[in-house]
Amino acid sequence: MAYSNKVIDHYENPRNVGSLDQNDPQVGTGIVGAPECGDVMKLQIRVDEQGRVTDAKFKTFGCGSAIASSSLATEWVKGRTLEEAEQLKNTEIVKELALPPVKIHCSVLAEDAVRAAIADVRRKQETRTGVAAGAR
Amino acid sequence: MAQKLIYLDNAATTPVDPRVLEAMLPYYRENFGNSASRNHQFGWVAEEATENARKQVAAVINADPKEIVWTSGSTESNNLAILGAARMYADKGRHVVTSLIEHKAVIDPCKFLQSQGYEVTFLQPNNKGRVSVEQVREALRPDTVLVSLMFANNEIGTIHPIPEIGALCHEKGVLFHTDATQAFGKVPVDVEAMQIDLLSLSAHKIYGPKGVGALYVRRKKPRVRLEPVIYGGGHERGMRSGTLNVPGIVGFGEAARIAKEEMPAESKRLAGLRDRMWAGLSEHLTDIARNGDPQHCLPNLLNVSFLYVEGESLMMGFSDIAVSSGSACTSASLEPSYVLKNIGLGDDLAHSSIRFSMGRFTTTDEVDYTIKSVVRTVNHLRAMSPLYEMAQAGIDLSKVQWQHH
Ligand SMILES: Cc1ncc(COP(=O)(O)O)c(C=O)c1O
Ligand code: FES
């Protein structure tokens, strides 16, 4: 199977590889997948007081499409509010990276990782401000 | 950057040796006859050619030429051996013994037999991919008619104790079939000394053409009979009907001749390349594991798990080198290799595995270049691997609550 140029570019020059401090109250961490499934994604976001994503990092164990999906996701969520970041759809990733059908699940994983990171930072903020979990 | 492609997937298939192609060409051109045409020169020339090839192939495995049945490849040979013997000897019993790491061309006919009311024992090899004689002995029953165990495994290269298993089967009066597709031409195979009754071969793994193979069928002590899988004009002693692929068979014969002649020196050379590859990788990388049995292994095959990185992404990093991986991401089924799973390798290690298979045209320079490329890619990927990061932080990955999906 041939990879699209965009997948190759993200693979060779991944954006935002790295880690943020998992214990920082401003940082949300999403870890999805399992080694036995052949894919694990860790995606982290840092959110400012206004609820805007100021930084995003990822580390991925998985195929080139999974790496590219998570790399692209970090690029896209930066600068967005949590509400906007939440709108990120795997189908947009599929389109941007021209992923073939067998690689759609790799983009789903990236979407899941973003959502998990958002949920994590919200949970932290809610406990901090004393808002009951689940209340919006 | 225009780097020549490097082919390290010789266990999948091999290029046709120029000498083989040369030998084949006349049988597409002037000598195009049907070897079954008994009444004219065209037929005689073709028949002489297939009979010469029969001698050449038989010589590699110490068989009588009459014991060679031409087929379309090892898949067909395995089907003919397993289905043919099971049907022919059904009155004697309906139990077959094989292993969990056979090629699909053995597993699937065995599963078909199960659906037809036969019983099949799938032996579990040890963690290096080897089945022991004791395991086979314990699996044998009064109604066992066939043991089918591959000579050498196509993913990890492990060689079963074939002579011992052959002796056991003969002692117990059970037929012994071995799929020698990968071993043929690389390690000595002797149907007499090893007491093999049925043996599958394929031309395209030994620098011959694709779509040609053979089944060795013992004629004496015991005389093995098979119910055919393909019925028709009664070619090949009735065991495999169909006009012979004369040019393909000529190519197979020539490929066998070359393999026999060059094997002693070539096997040593290949083992040298394999060991060089493993030494080079071990020198520059931590956390890698060799899969298979280094003591009982094909000379040309090296299977390695690179912990914390996934196989398909690894291959993407050296797209000018052709190898294969046991990772699910590379398979249509999205399942990791059942061979690696069934030798007890965790799925995570199966996903991280790469098979390097060297061949006649592999050079030392290519091995050295490959080592460099693999090392660079593994480091590139580990820098972005969450698993590597966790392992470095001392986290036991097997204890983490993963989110399966
Ligand atoms: C061990 C083994 N058996 C059988 C086969 C199938 O052989 P063929 O391609 O000739 O049908 C292969 C090759 O893929 C093999 O490696
Ligand atoms: S992570 Fe396995 S196919 Fe993408």
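Between chain B and chain A, the count comes to three salt bridges. One place where the two chains meet in this way is the pair B:E389 and A:K42, whose side chains form a salt bridge with N and O 2.6 Å apart. The structure is a predicted model, so every value here is computed from it. Looking at the interface as a whole, 28 residues of chain B touch 31 residues of chain A. The size of an interface is often given as the accessible area lost when the parts come together. Here, the area buried between chain B and chain A is about 2,500 Å², and carbon and sulfur atoms give 65% of that.

Salt bridges also turn up elsewhere: a search of the whole structure, over all chains, finds 35 of them. One of these links B:R360 to B:D17, with the closest N and O atoms 2.8 Å apart. B:R360 sits in the loop between β13 and α11 of chain B, while B:D17 sits in the loop between β1 (6-7) and α1 (18-24) of chain B, so this pair ties together parts that are 343 residues apart in sequence.

Now for the sheet in chain A. Three strands make up an open sheet in the order β1-β2-β3 (chain A), and the pairing is antiparallel. At the edges stand β1 (27-34) and β3 (53-61) of chain A; each has a single partner strand, so one side of each has no neighbour in the sheet. On average, neighbouring strands of this sheet are turned by 10° against each other, if direction is ignored. Strand β1(A) and strand β2 (residues 39-47) of chain A run antiparallel and are joined by eight bridges. Within this pairing, A:V32 stands opposite A:M41 in β2(A).

Two helices of chain A go with this sheet. Helix α2(A) packs on the sheet and touches β2 and β3 of chain A, its direction making about 175° with that of β3(A). Helix α5(A), in turn, lies across β1 and β2 of chain A and runs at about 145° to β1(A).

How do these helices sit against each other? Two packed helices are described by the angle between their axes and the distance between the axes. For α2 (residues 64-77) and α5 (residues 104-129) of chain A, the angle is about 40° and the axes are 8 Å apart. The crossing of α2(A) past α5(A) is right-handed. On the α2(A) side, the contact is made by A:S65, A:A66, A:S69, A:S70, A:A73 and A:V77, and on the α5(A) side by A:C106, A:S107, A:A110 and A:V114. Sorted by class, the contact of these two helices has six nonpolar residues, four polar ones and no charged ones.

Helix α5 of chain A also holds A:Q125. Leaving out residues up to four places away in sequence, A:Q125 touches A:V47 and A:L82.

B:K221 and B:P222 are joined by a cis peptide bond, with omega at about -5°. The loop between β8 (213-217) and α7 of chain B is where B:P222 is found, and B:K221 has its place in the loop between β8 and α7 of chain B as well. Although B:K221 is not a glycine, its phi is positive, at about 50°.

Conventions:
Residues are numbered from 1 along each chain as its sequence is written. Chains are lettered from A and ligands numbered from 1 in the order in which they are written. This is a predicted model: local features need pLDDT of at least 70, side-chain atom pairs count only at pLDDT 80 or more; totals for chains, interfaces and linings use all residues. Side-chain values use heavy atoms; hydrogens and water are left out. Axes are lines fitted to C-alpha atoms, for helices over the stretch in contact, and angles run from 0 to 180 degrees between N-to-C directions. Helices (H or I, at least four residues) and strands (E, at least two) are DSSP runs, numbered from the N terminus. A crossing is left-handed if the near helix is turned anticlockwise from the far one by less than a right angle, and right-handed if clockwise. Contact means heavy atoms within 4.5 Å. Ala, Val, Leu, Ile, Met, Phe, Trp, Tyr, Cys and Pro count as nonpolar, Asp, Glu, Lys and Arg as charged, and the others, Gly among them, as polar. Buried area is the accessible area (1.4 Å probe) that two parts lose on being put together, summed over both. A salt bridge is a side-chain nitrogen of Lys or Arg within 4 Å of a carboxyl oxygen of Asp or Glu. Two strands pair if DSSP finds at least two bridges between them.
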